[in-house]
Amino acid sequence: MPIIRTEHLKYVYSEGSPFEKAAIDDITLDIEEGEFVGVIGPTGSGKSTLVQHFNGLLKPAAGKVFIDGQDIWGKKVDKRSIRFKVGLVFQYPEYQLFEETVFKDIAFGPTNMGLNKDEISERVYEAADFVGISKELLSKSPFELSGGQKRRAAIAGVIAMRPSILILDEPAAGLDPRGRESILAHIREYHIARKSTVLLVSHSMEDIARNATKVLVMSSAKIVMYGSVNDIFAQSTSLIKMGLDVPQVTRVFMGLRKSGYKVDPSVYTVEQGKAEIIRYIRGGQDR
Amino acid sequence: MIKDITLGQYFPGSSLIHKLDPCMKIILSITYMVMLFSAFNAISLAVAIVFMFVVTLISRIPLKMVLRGIKPILPIIILTSLINAFYVPGDALFKLHVFSFLVVISVQGVELAVFMSVRIMFLIIGTSMLTYTTSPISLTDGLERLLSPLKKVKLPVHELSMMMTIALRFIPTLIEETDKIISAQKARGADFESGNIIRRMKALLPILIPLFVSAFRRAEELALAMDCRCYKGGEGRTRMKQLQLARRDYLSATVMAFVLAGVICINIFVPKLYGSSLF
């Protein structure tokens with residue numbers, strides 16, 4: 001049974017006004033447990049709108065959402081229990097920090113779950129550890145932290161709820177390469193350690209190529225592709241046509257191919273690239 | 001969603017009304033209010049009503065939107081009508097015995113109630129016509145110019161209008177921000193709906209604190225950006241779009257003057273309708 005399933009999901013912004021626009025349209029999708037799904041698509045393609053349906057923040061105009069087989073808009077379903085199960089980290093989550101200390105802020109989610117004190121502090125320490133927030137920082141005010149630390153503290157606030165599905169909307173936006181990689185590494189670790197399902201919305205093809213097991217491509221309110229990373233990046237040309245980028249290394253191999261070297265153009269990580277070049281030099285056959 | 005709230009209510013268009021100089025439009029709106037309250041009998045009030053319908057037609061604002069503005073003040077209209085109907089003494093329209101009290105609804109009371117509700121309704125329609133057809137920015141521009149004589153008495157007119165412009169500009173931004181913060185806290189299981197008043201007030205803190213922080217951050221950034229572009233207040237400042245009265249402005253002012261004069265004339269020459277026998 002897929003952990004997330006949607007059936008003909010549709011959402012319309014500003015319904016009934018002259019500015020009416022379908023943000024997502026007829027989305028039918030199955031996401032299996034334990035996947036690391038990269039969600040890509042041009043700005044305004046409906047990625048953020050789609051992920052906000054998974055924890056019941058947005059109510060679909062039509063269609064259904066099932067989490068763990070449960071229709072979240074069915075009768076007697078507590079939306080909050082869905083939100084504890086499906087942790088959603090918004091874009092620029094550092095702007096939601098509000099408590100006196102980082103500890104209290106991370107504890108906000110678990111406290112809302114009604115857990116007892118020991119359980120809460122255990123989870124806070126665990127979550128802080130996952131995102132690399134040291135113990136000394138926990139007693140500071142969140143407003144004293146640096147940008148990257150704030151971001152990580154905010155992510156910890158969601159991780160502390162131990163969601164079985166973790167959704168992150170552009171978690172690395174606006175960070176420098178090191179901060180970027182550090183956050184993604186922590187998410188990767190979390191995914192492996194907790195075996196949870198992770199959805200990563202990102203504009204960076206490199207980030208998705210390096211981390212995801214599956215890729216979901218959205219374009220103008222619809223899903224245009226959903227498949228394994230290999231399958232998706234093998235269709236680089238259509239991705240580029242949609243106004244999306246492909247990993248730089250894929251571009252290099254597409255260029256090599258164009259200039260007559262018979263290498264595989266669907267390479268999407270540097271490691272694969274290295275292997276592919278070695279294979280080619282040793283006189284491998286055309287793929 | 002809060003995002004759907006229409007604030008400022010500007011309805012873009014290119015009608016004659018839209019193109020009028022905002023300064024002139026403010027003056028005309030005030031004149032219209034004067035007209036509404038100087039209309040003392042049914043005919044003159046009807047003239048004022050028809051005038052507003054014509055303006056609405058010219059502006060091409062959908063009637064539905066114009067009427068929507070009245071909805072929130074409907075309770076006020078009903079309340080004032082009731083008070084007027086019951087408390088204005090005069091010839092009894094009908095009497096009612098409630099316990100030992102004698103409730104009398106007078107003809108004059110009903111007349112006044114009708115007049116007052118029509119006036120309030122058209123007061124709202126008239127002013128919303130101004131905000132529907134004028135973008136907030138040009139509205140404050142117009143206001144600034146209208147108030148500029150007050151600079152002589154050291155009123156910081158430019159600064160006030162700049163503050164208003166900035167406030168108007170940031171209302172949608174802050175609404176969007178609030179929406180986002182609410183969603184983010186909801187995603188962490190925040191509960192805004194249950195509990196007593198104190199609990200609910202406390203539940204607002206996770207929204208208010210980030211909102212204030214971000215408002216201050218934005219203010220600081222904006223101030224810096226203005227500084228970088230050497231903003232130093234209104235002294236010697238010129239405008240990209242010079243507001244200048246055109247023929248249509250004079251024309252509409254003339255029309256308004258004639259209608260107002262007509263209303264006053266009707267008041268003088270047909271004085272008996274009000275206060276006697278409307279029904």
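Let's start in chain A, where six strands make an open sheet in the order β6-β7-β8-β3-β9-β10, with mixed pairing. A strand here is a DSSP run of E covering at least two residues, a helix is a run of H or I covering at least four, and both are numbered from the N terminus. Two strands pair if DSSP finds at least two bridges between them. At the edges sit β6 (86-89) and β10 (222-228) of chain A, each of which pairs on one side only. Ignoring direction, neighbouring strands of this sheet are turned by 15° against each other on average; the axes behind that angle are lines fitted to C-alpha atoms, for helices over the stretch in contact, and angles run from 0 to 180 degrees between N-to-C directions.

Keep in mind that this is a predicted model: local features need pLDDT of at least 70 and side-chain atom pairs count only at pLDDT 80 or more, while totals for chains, interfaces and linings use all residues. Residues are numbered from 1 along each chain as its sequence is written, and chains are lettered from A and ligands numbered from 1 in the order in which they are written.

For A:Val89, the bridge partner in β7(A) is A:Leu168.

Now look at the loops around β7. A:Arg162 lies in the loop between α6 (147-159) and β7 (165-169) of chain A, and its phi is near 50°, positive even though the residue isn't glycine. A:Glu170 sits in the loop between β7 and α7 (177-194) of chain A, also with a positive phi, about 50°, and not a glycine either. Buried or exposed? A residue is buried with 20 or more other C-beta atoms within 10 Å of its own, exposed with 12 or fewer, and partly exposed in between, with C-beta atoms placed from the backbone. A:Glu170 counts as buried because it has 20 C-beta neighbours inside 10 Å. A:Arg162 has 18 others within 10 Å, so it is partly exposed.

Over to chain B, where 17 residues are in contact with 20 residues of chain A; contact means C-beta atoms, placed from the backbone, within 7 Å. On chain B's side, α8 (157-187) and α9 (197-228) each supply at least two residues, and α8(B) gives the largest share, seven residues.

Finally, helix α5 (residues 74-87) of chain B has one buried residue among its 14, so it lies largely in the open.

Note on methods
Contact = placed C-beta atoms within 7 Å.
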